Amino acid sequence: MTAPTCQLWLETVPDQATADDLAALSDDERGHCQRLVRAADRARYARAHRMLREALQAATGKQAGRLVLVPGHNSRPRLQGADDSLDFNLTHAGAFAACAVSTAGRVGVDVETVVPGFDFQSLLYRVATKQEQARLAAMDEPDARRHFYRLWVLKEALGKAIGEGVGLPFDRIRLCPDRGNRLACDLAALGEHGAGWQFTEIDLGEGAVMALALRATDPVPLEWCRGRGLARSVGGSHFA
Ligand SMILES: CC(C)(COP(=O)(O)OP(=O)(O)OC[C@H]1O[C@@H](n2cnc3c(N)ncnc32)[C@H](O)[C@@H]1OP(=O)(O)O)[C@@H](O)C(=O)NCCC(=O)NCCS
């Protein structure tokens, strides 16, 4: 039996959707892409979905163009005809697109652009626990802003792995990086979903942060398939 894996793919996104990216999409994906108003959104979508197809081809051995993606619970995509042993998730924001493909258990990824003027303080009551809010209140810019985004991507990656996305009660989930960059975790609010998680933070430099949440019974090393060089650093995995 082969050991469970979690493969990570990361790419930067071009300014404009390329002909090759568009050609790699299904008719539905291409139609969706072409309806996006902004060129940057079209470029991001096309590159992300092309990369996801390549990642799924590598994992399944099936031709990328023949893979059929269908919406599952809360529109979380799944691969038609695949059994539950394969899971994947996709994210794209700013200059980055990333996806993870797992045979270890449910996986979620999130990348966010750190927006300098964004009023993150007004969202804190919804995103952070009281303890996390206190920690942030003791920080100055730009550390507080970056810390907020780190909390956000960790929680959204978890939400995406479960399928609830931003519908998770972020204000009751503690996933707070401490000074030694360990995570202080309390996932009791998730009930049956609250145990067996592995989290990895990926530092994409000043402008972006990324996190991955993986549910696995045993620790699973991340296998970088593309884009390792784009990450300034990759945090050690934390378990909750
Ligand atoms: C999924 C969700 C987190 C997207 O957040 P985002 O930061 O805008 O986007 P990301 O780039 O990180 O992820 C987008 C990708 O996640 C995937 N995705 C879509 N729904 C998902 C879900 N429920 N869970 C996990 N992943 C999902 C798709 O591949 C999507 O790619 P696409 O938009 O190019 O098709 C957000 O839409 C959400 O929370 N959805 C679930 C809640 C919901 O739908 N509730 C229904 C009642 S309102």
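Helix H3 (39–60), strand E4 (87–93) and helix H6 (143–162) each supply at least two residues of the shell around the ligand. Helices (H or I, at least four residues) and strands (E, at least two) are DSSP runs, numbered from the N terminus. This is a predicted model, in which local features need pLDDT of at least 70 and side-chain atom pairs count only at pLDDT 80 or more, while totals for chains, interfaces and linings use all residues. Residues are numbered from 1 along each chain as its sequence is written.

**Ligand shell**

- The ligand is surrounded by 18 residues, and the closest are Asn74, Arg76, Thr91, Lys160 and Gly165; a residue is near a molecule if its C-beta atom, placed from the backbone, lies within 6 Å of it.
- Strand E4 gives the most to this shell, with five residues.
- By class, six residues of the shell are nonpolar, eight polar and four charged. Ala, Val, Leu, Ile, Met, Phe, Trp, Tyr, Cys and Pro count as nonpolar, Asp, Glu, Lys and Arg as charged, and the others, Gly among them, as polar.

**Overall fold**

- The chain has six helices and 13 strands. Its radius of gyration is 18 Å, close to the 18 Å that the globule rule gives for 240 residues, so the chain is as compact as a globular protein of that length. The radius is taken over C-alpha atoms, and the rule is 2.2 Å times the number of residues to the power 0.38.
- Along the principal axes, the C-alpha atoms fill a box of roughly 50 × 45 × 30 Å.
- Of the 240 residues, 38% are buried. A residue is buried if 20 or more other C-beta atoms lie within 10 Å of its own, exposed if 12 or fewer, and partly exposed in between, with C-beta atoms placed from the backbone.

**Strand pairing**

- Strand E1 (residues 6–12) pairs with strand E5 (residues 96–102) in the antiparallel sense over seven bridges, and Leu8 stands opposite Ala100 in E5. Two strands pair if DSSP finds at least two bridges between them.
- E1 also pairs with strand E11 (residues 222–226), in the parallel sense and over four bridges; here Gln7 stands opposite Glu223.
- Strands E7 (residues 174–177) and E8 (residues 183–186) run antiparallel and are joined by four bridges, with Arg174 opposite Asp186.
- E7 and E8 form a hairpin with five residues between them, and Asn181 in the turn has a positive phi of about 65 degrees.

**Helix H6**

- H6 has 20 residues and reaches 29 Å from its first C-alpha to its last, close to the expected 28 Å; the expected span is 1.5 Å times one less than the number of residues.
- In H6, 14 of the 20 residues are buried, so the helix is largely enclosed by the rest of the structure.
- Tyr149 is in H6 and counts as partly exposed, with 19 C-beta neighbours inside 10 Å.
- Leaving aside neighbours within four places in sequence, Tyr149 is in contact with Glu112, Val114 and Val209; contact needs C-beta atoms, placed from the backbone, within 7 Å.
- After H6 comes Gly163, whose phi is positive, near 105 degrees.

**Backbone details in loops**

- Glu141 and Pro142 are joined by a cis peptide bond, with omega about -5 degrees. Pro142 lies in the loop between helix H5 (130–137) and H6.
- Asn74, in the loop between strand E2 (69–71) and strand E3 (77–79), has a positive phi near 55 degrees. Asn74 is exposed, with 12 other C-beta atoms within 10 Å.
- Ser75 is in the loop between E2 and E3 and has a positive phi near 70 degrees. With 9 C-beta neighbours inside 10 Å, Ser75 counts as exposed.

Notes: Two residues are in contact if their C-beta atoms, placed from the backbone, lie within 7 Å.
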